[in-house]
Structures are given as C-alpha cells and as structure tokens.
Amino acid sequence: MLGNLKPQAPDKILSLMAEYKADTRQGKVDLGVGVYKDPEGVTPIMRAVKKAEQRILETQNTKAYTGLAGTQEYRDAMAGLVLENAPADRLASVATVGGTGAVRQGLELVRMANPDAVVHVSDPTWPNHLSILKFMGQAFVEYPYFDNATRGVDFDAMLAAIGKAKKGDVVLLHGCCHNPTGANPDAGQWDDIAASLEKTGAVPLIDLAYQGFGDGLDADAAATRMLASRLPEVLIAASCSKNFGVYRERTGILMALGEGSEARDLTQGAMAYLNRQNYSFPPDHGARIVSTILDDAELRQDWKTELEEMRRTMLDLRKQLAEELRNLGGNDNFDFIEHHRGMFSRLGATAEQVAKMKEDSGIYMVGDSRLNIAGLNNDSVPVLARAIVEAGV
Ligand code: LMR
C-alpha cells in the first residue's frame with residue numbers, strides 16, 4: 001500500500017530552510033522562512049512569554065483535557081486582541097493548531113457550509129494557502145494583487161476580480177502585512193473591499209498572522225475590525241506564532257462572526273466538531289501563555305513593549321536597505337521596501353537573479369524574491385544591497 005504513494009513536491013519555504021542549513025559558507029544570510037530574528041540572528045523567547053511559562057509551571061496542577069474549542073480565557077483574550085469589542089452574540093471561536101490550522105479549519109467550515117463555494121485568493125499568496133486548497137480539492141480562483149512595476153497593490157485589478165465573486169464564495173484576504181509581497185491596501189481601499197463584499201455577498205476569510213508587525217497592534221487589526229463591523233459574516237484565522245514568538249507551540253484561533261446567536265451556536269458546534277475530527281483538543285501550552293500574558297496588565301505591557309521594539313527594528317532595517325540601495329544605484333527604485341509592511345517584501349527579481357544572489361553572496365530568499373526583512377542586521381544590509389545591484393535587479 002505505502003509503495004503506491006507518490007513523492008510530494010517539497011514546500012519551497014521549508015526546503016530553503018534546509019538548503020541554508022547545509023550551506024557551510026561564513027557570512028551566509030537567511031532571508032527565507034518568516035521567523036523574527038534579533039541582530040544576532042537569534043529568534044528570542046519574548047520576556048513576557050518566559051514569565052508566563054514560569055507562572056504556568058508553578059501554578060498548573062493538571063494536564064487534563066481542556067475543551068474542544070480550547071479554553072474560554074484564550075478565546076476571550078484573542079477576541080479582544082483582534083476585534084477589540086468582540087460582539088459576543090455573533091462570535092464563534094475555536095483554538096487551533098497554529099494559524100495554519102485556523103486556515104485549514106476555516107476552509108473545512110466553508111466546505112461544510114457551502115460545498116459550492118469558490119475561494120478567491122490573491123496572486124501571489126502564501127504558498128501554503130494554495131497547497132491546502134489543492135489538497136482539499138477546494139475550488140479556487142486567483143485574483144490579481146501585486147503590481148510588479150510599482151511593487152504596490154494592483155488595486156483596480158484586485159477590486160474588479162473580487163467583484164466577480166458570487167454570494168457564498170469566500171475571499172481570502174491578508175488582514176495586514178501581506179505575505180509574500182509586503183504591499184497592503186490602504187484604509188480607503190479596505191473600504192472599497194468591504195463595499196465589494198457587501199455587494200456580492202461573498203464572505204471574507206481574513207488571515208491575520210502578523211498583527212503588531214506592520215503599523216502597530218491596533219492599526220494592523222483595523223481592516224479586520226472594520227470588516228467585522230460592516231459585514232454579516234466574517235471568518236478570521238489568527239496566529240500567535242509571530243507576535244508572541246511561540247512558533248513551535250502551534251497557537252492559533254479560528255473566529256467566525258455570523259448573523260445573530262442562532263448562527264453563532266450552529267457555527268460554534270460545527271467548529272468544535274471539526275476540531276474533534278481532525279485532532280480533538282487543540283494544543284494548550286501556547287494558548288495558555290497567550291491568555292496569561294493578555295490577562296495580566298504587567299505582562300501585557302511588557303509584551304507590547306517588546307513587540308513594538310521588534311516592529312521598529314524591522315522598520316529601521318527597511319529604511320536602511322532602501323537608503324543603501326538609493327546610494328548604490330543613484331535612484332529611488334527600491335523605495336517601495338520602506339513603504340512595505342510586515343516581515344516580507346517582494347523584490348520583483350527574477351528566479352535567475354535570486355539564484356545568483358544565493359550563489360555569489362550566500363543570500364537566501366524565497367525563489368519569488370520574497371525576503372524576510374527580520375533576517376537582516378546592520379552588517380548584512382550592505383551585503384544584500386550590493387548583491388541586489390550586482391544581480392541587476
Ligand atoms: C512563512 O511564510 O515563511 C511562514 O509563515 C512560515 C511558514 O510556515 O511558511
């Protein structure tokens with residue numbers, strides 16, 4: 001039986017991680033997988049996370065099962081963080097195995113609710129979105145998103161395409177810090193997206209994996225909150241991997257806003273059922289860390305301070321890189337790096353240019369020229385800038 005299995009194409013982000021590890025060159029630079037790194041190249045455990053873990057270690061007296069939806073504390077804390085004033089009469093939520101688990105469970109929910117739904121997904125998007133959609137056999141179409149000339153959002157094309165969605169279709173949106181491009185709609189454009197969804201009756205599935213990495217915790221949730229207040233139905237897949245730095249704990253949440261308490265109860269039941277079918281109880285440790293932090297004024301403040309430091313570090317690196325490229329090239333062709341938000345920027349380089357940067361300078365970025373800004377530091381910014389110019393990007 002097992003001999004019938006077909007080899008699977010490796011995930012391009014994860015295989016790049018392995019390739020980087022195997023490279024023995026000094027001075028190699030990892031701008032691949034989306035993991036925050038400090039200037040020493042270490043992905044730190046945040047101070048508040050350490051303290052919360054200590055507290056859990058000292059006070060936890062059982063490892064018995066929680067609930068299929070996870071703990072109420074975690075779900076309430078996350079609803080507050082993402083939605084601020086979460087409408088309790090409309091909100092169903094379940095803890096999930098990371099943000100990826102939330103996306104997967106969200107799509108499973110869509111399949112249960114409307115087997116005819118078509119999922120509209122940005123071109124480009126996080127490769128795993130497409131991989132999950134294909135694996136599930138879920139119908140999807142791509143909408144244009146990135147303008148390779150300006151390296152901004154090709155908004156007219158995007159709006160025209162999502163305007164073709166049908167009632168009951170799903171439009172997958174990145175709530176902030178678009179992965180892989182770093183280019184995001186502005187507030188006025190988000191309003192237009194809301195108006196389009198109001199008109200078509202399509203439901204947004206918002207992937208919110210980088211809240212706090214772009215313009216700040218509230219600013220990064222603004223589009224999600226606006227859509228939640230305007231539209232009758234909204235799905236949100238949020239991740240704590242990045243903003244709490246708890247990547248390996250697999251901490252995510254799927255939230256669904258429906259039309260009133262009856263729909264909420266049905267949705268809550270369906271989402272708990274989906275958890276049961278796929279993995280029963282969601283992991284608790286990361287969720288408990290998150291709710292411990294968010295429910296404690298001191299830990300919450302410390303976490304926010306450290307997150308803000310990380311965000312500012314990334315913004316500084318963006319500025320430095322854009323400036324270095326301005327000086328080297330004598331033009332403002334790369335100023336878009338400063339305007340992009342979040343961990344990533346898509347450079348707009350060809351696959352050959354990406355390969356050349358890897359071969360000549362040991363710089364690893366995803367083949368579509370997505371670079372992880374947080375993988376840079378003061379020393380590697382000039383190395384990258386020179387490599388970009390030498391590769392003729
Ligand atoms: C990324 O895009 O690099 C991250 O979201 C990590 C992953 O799982 O791909």
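1. The side chain of W126 has an N or O atom 3.0 Å from an oxygen atom of the ligand. This distance, like the others below, is taken from a predicted model.

2. Two further residues place N or O atoms by ligand oxygen. For R370 the atom belongs to the side chain, and the distance to an oxygen atom of the ligand is 2.9 Å. For G34 the atom belongs to the backbone, and the distance is 2.7 Å.

3. Which residues are around the ligand? They are I13, V33, G34, W126, N179, Y210, K242 and R370.

4. On the contact between the domains: 26 residues of domain 1 touch 30 residues of domain 2. The size of an interface is often given as the accessible area lost when the parts come together. For domain 1 and domain 2 that buried area is about 2,400 Å², with 60% of it on carbon and sulfur atoms.

5. How many salt bridges does the rule find across the interface of domain 1 and domain 2? There is one. The side chains of D215 and R341 meet in a salt bridge, with 2.8 Å from N to O. Polar contacts across the interface of domain 1 and domain 2 come to twelve residue pairs, both residues being at pLDDT 80 or more.

6. Which elements give two or more residues to the side of domain 1 that touches domain 2? They are α1 (12-22), α11 (297-329) and β11 (344-346). The largest share comes from α11, with seven residues. Sorted by class, this side of domain 1 has eleven nonpolar, six polar and nine charged residues.

7. The salt-bridge count by this rule comes to 22. One of the pairs is R225 with E84, whose closest N and O atoms are 3.5 Å apart.

How values were computed:
Residues are numbered from 1 along each chain as its sequence is written. This is a predicted model: local features need pLDDT of at least 70, side-chain atom pairs count only at pLDDT 80 or more; totals for chains, interfaces and linings use all residues. Side-chain values use heavy atoms; hydrogens and water are left out. Contact means heavy atoms within 4.5 Å. Buried area is the accessible area (1.4 Å probe) that two parts lose on being put together, summed over both. A salt bridge is a side-chain nitrogen of Lys or Arg within 4 Å of a carboxyl oxygen of Asp or Glu. A polar contact is a pair of N or O atoms within 3.5 Å; within protein, one must be able to donate a hydrogen and the other to accept it, and residues adjacent in sequence count only if both atoms are side-chain atoms. Helices (H or I, at least four residues) and strands (E, at least two) are DSSP runs, numbered from the N terminus. Ala, Val, Leu, Ile, Met, Phe, Trp, Tyr, Cys and Pro count as nonpolar, Asp, Glu, Lys and Arg as charged, and the others, Gly among them, as polar. A residue is near a molecule or strand if one of its heavy atoms lies within 4 Å of it.
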